[in-house]
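Take a look at the model first, and then read on.

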Amino acid sequence: EDEQLTYAQLNTRANQLAHHLQACGVSAGDCVAVVAQRGLSSVISELATLKVGGAYVPIDPEFPAERQAFMVSDSEASIVIVARSADRPMQSSVPVIDLEVEAGNLAAYPSGNPVLECQGLPEETIAYVMYTSGSTGVPKGVVVPHRAVNRLVINSGYVEITTEDAIGHCSNPAFDASTFEIWAALLHGARLVIVPHEQVLDPERLGQVLSGRKVTVLWLTAGLFSQYAEVLSET
């Protein structure tokens, strides 16, 4: 929409949040729950978590309170980041960083990269934990290491992303397609175009975004693409 960040601004804001996480006691190996819709806040929070060596746990704020509480507890998250005060989990005793409330406080933290106790992290270090739908029972946390993220988007053999590309971010952060959308962009210096939920659900509006923002790479499920193909072919 009307918000944008340069890479320098993204790095500064992620670093400030990372320093705050460290001040709250978060260290390498800890899980950090991120309760947010896709947007600048979710990307900043995930990047900040990785900068302190932690693993982010994306949680949809639209999930029922019981499900949110289960994910926070099951992942043993040491802290929860929420983009808006309204998204605070009601059934969790884990400390919360409310980005809406603490925006001013975060700006006071250093903008430089945080220092980790260890010199680099092994490639098998956990990058994130993402939960299944739970449609067949209790949701299960899928543990994904940094190596898997790199393998997905770097020298993949199926797509070549460059700094000239613009990747549409249309997936819920709690859905694994978001991994490709976010990190394929950021790890190649490409532009990440965050598409609001209501625009993704309207093929004509989505087509306008793709055309207006000059999106070059898009990930859609086969079913959704089939429904949108005729409209999108005109963009």
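Helices here are DSSP runs of H or I with at least four residues, while strands are runs of E with at least two, both numbered from the N terminus. Ser 73 belongs to one of them, helix α3, which spans residues 65-74. The model is a predicted one, where local features need pLDDT of at least 70, side-chain atom pairs count only at pLDDT 80 or more, and totals for chains, interfaces and linings use all residues. Residues are numbered from 1 along each chain as its sequence is written, and side-chain values use heavy atoms, with hydrogens and water left out.

**Helices α1 and α2**

- Helix α1 (residues 7-23) packs against helix α2 (residues 40-51) at about 60 degrees, and their axes are 8 Å apart. Axes are lines fitted to C-alpha atoms, for helices over the stretch in contact, with angles between N-to-C directions running from 0 to 180 degrees.
- The pair is therefore oblique; angles under 35 degrees count as roughly parallel, over 145 as roughly antiparallel, 65 to 115 as roughly perpendicular and the rest as oblique.
- On the α1 side, the contact (heavy atoms within 4.5 Å) includes Leu 10, Arg 13 and Leu 17, and on the α2 side it includes Val 43, Leu 47 and Lys 51.
- By class, this contact has 9 nonpolar, 4 polar and 2 charged residues. Ala, Val, Leu, Ile, Met, Phe, Trp, Tyr, Cys and Pro count as nonpolar, Asp, Glu, Lys and Arg as charged, and the others, Gly among them, as polar.

**Helices α5 and α6**

- Helix α5 (residues 146-153) and helix α6 (residues 177-186) pack at about 75 degrees, with axes 9 Å apart, so they are roughly perpendicular to each other.
- Val 149, Leu 152 and Val 153 of α5 meet Thr 179, Phe 180, Trp 183 and Ala 184 of α6.
- This contact has 6 nonpolar residues, 1 polar residue and no charged ones.

**Ser 42 in α2**

- Ser 42 sits in helix α2 and counts as buried because its relative accessibility is 1%. Buried means under 20% relative accessible area, exposed over 50%, and partly exposed in between (1.4 Å probe, protein chains only).
- A polar atom of the Ser 42 side chain lies 2.9 Å from the backbone oxygen of Gly 39.
- Leaving aside neighbours within four places in sequence, Ser 42 is in contact with Val 34, Ala 36, Gln 37 and Pro 173.

- Ser 73 counts as exposed, at 54% relative accessibility.
- The C-alpha atoms of Ser 73 and Ser 93 are separated by 9.3 Å, with the two residues 20 apart along the chain.

Definitions and conventions
Polar contact = N/O pair within 3.5 Å; in protein donor to acceptor, adjacent residues only side chain to side chain.
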